[in-house]
Amino acid sequence: MSVVKINVLTVPAEQRETLEQRFASRAHAVENSDGFEWFELLRPVEGTDTYLVYTRWRDEASFQLWLEGPMKAAHQGGGAGTGEGGERPKPAASGSTLWSFEVVQHAGPKNA
């Protein structure tokens, strides 16, 4: 059964572009992870400063392997995303909460 992880990020208006650029610079970083099924970065349209980072995984174990491996390495500095002199840039989000769900029903468009 697939699992969905939604990272709920509070992003001040002045940090929106920074957040989106950081995600764009890491595009495809998750796509080769075993068990990865889908990713979407959702920008708020009105009335909130909350972005949603949606990922779907084959199972909880696949998510945990990515979390403890590639994701952890990407957030501990080094590589793309570090500032001049190797210092870590200031976070674009001022808060973060992780929501977890199991997919119990799904539907897609009917073939034409």
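The model is predicted.

**Overall composition**

The protein chain holds two helices and four strands. Read from the N terminus, its elements follow the order β-α-β-β-α-β. Of the 112 residues in the chain, 23% are buried. The accessible surface of the chain is about 7900 Å², and carbon and sulfur atoms contribute 53% of that area. Among the contacts with a separation of 6 or more, 69% are between residues 24 or more positions apart.

The four strands make an open sheet with antiparallel pairing, in the order β2-β3-β1-β4. Its edge strands are β2, residues 36–42, and β4, residues 95–102, each of which pairs on one side only. From one strand to the next, the twist averages 15°. In general, strands of a sheet pair through backbone hydrogen bonds, in either a parallel or an antiparallel sense.

Strand β1 covers residues 3–10 and strand β3 covers residues 50–57; the two pair in the antiparallel sense over eight bridges. In this pairing, T10 is opposite T50 of β3. Helix α1, residues 16–25, packs on the sheet and touches β1, β2 and β3. The direction of helix α1 makes about 20° with that of β3.

**Aromatic residues**

Across the whole structure, a search finds five aromatic pairs.

| Pair | Geometry | Centre to centre | Angle between planes |
|---|---|---|---|
| W57 and F63 | edge-to-face | 5.8 Å | 65° |
| F63 and W66 | tilted | 6.0 Å | 40° |

The pair W57 and F63 counts as edge-to-face because its planes are 65° apart, and the cut-off for that class is over 60 degrees. F63 and W66 both lie in helix α2, residues 60–74, at a spacing of three residues, or about one turn of the helix. One aromatic cluster is formed by F36, W57, F63 and W66.

How buried or exposed are the residues of this cluster? W57 has 0% relative accessibility and therefore counts as buried. F63 has a relative accessible area of 4%, so F63 is buried too. W66 is also buried, as F63 is.

S33 sits in the loop between α1 and β2. Which residues does S33 touch, leaving aside those up to four places away in sequence? They are W57 and W66, both of which belong to the aromatic cluster.

**Other positions**

R26 lies over the face of F23, and its distance from the ring centre is 5.6 Å.

L65 has its place in helix α2. Is L65 buried or exposed? L65 counts as exposed because its relative accessibility is 64%, and the cut-off for exposed is over 50%. Helix α2 thus holds the exposed L65 as well as the buried F63 and W66. In sequence, L65 and D34 are 31 residues apart, while in space their C-alpha atoms are 8.5 Å apart.

Terms used:
Residues are numbered from 1 along each chain as its sequence is written. This is a predicted model: local features need pLDDT of at least 70, side-chain atom pairs count only at pLDDT 80 or more; totals for chains, interfaces and linings use all residues. Side-chain values use heavy atoms; hydrogens and water are left out. Two strands pair if DSSP finds at least two bridges between them. Axes are lines fitted to C-alpha atoms, for helices over the stretch in contact, and angles run from 0 to 180 degrees between N-to-C directions. Contact means heavy atoms within 4.5 Å. Buried means under 20% relative accessible area, exposed over 50%, partly exposed in between (1.4 Å probe, protein chains only). Accessible areas come from the Shrake-Rupley method with a 1.4 Å probe; for residues, only the protein chains shown count as cover. Rings of Phe, Tyr and Trp (its six-membered ring) pair if their centres lie within 6.5 Å; planes under 30 degrees apart count as stacked, over 60 as edge-to-face and the rest as tilted. A charge sits over a ring if NZ of Lys or CZ of Arg is within 6 Å of the ring centre and within 35 degrees of the ring normal.
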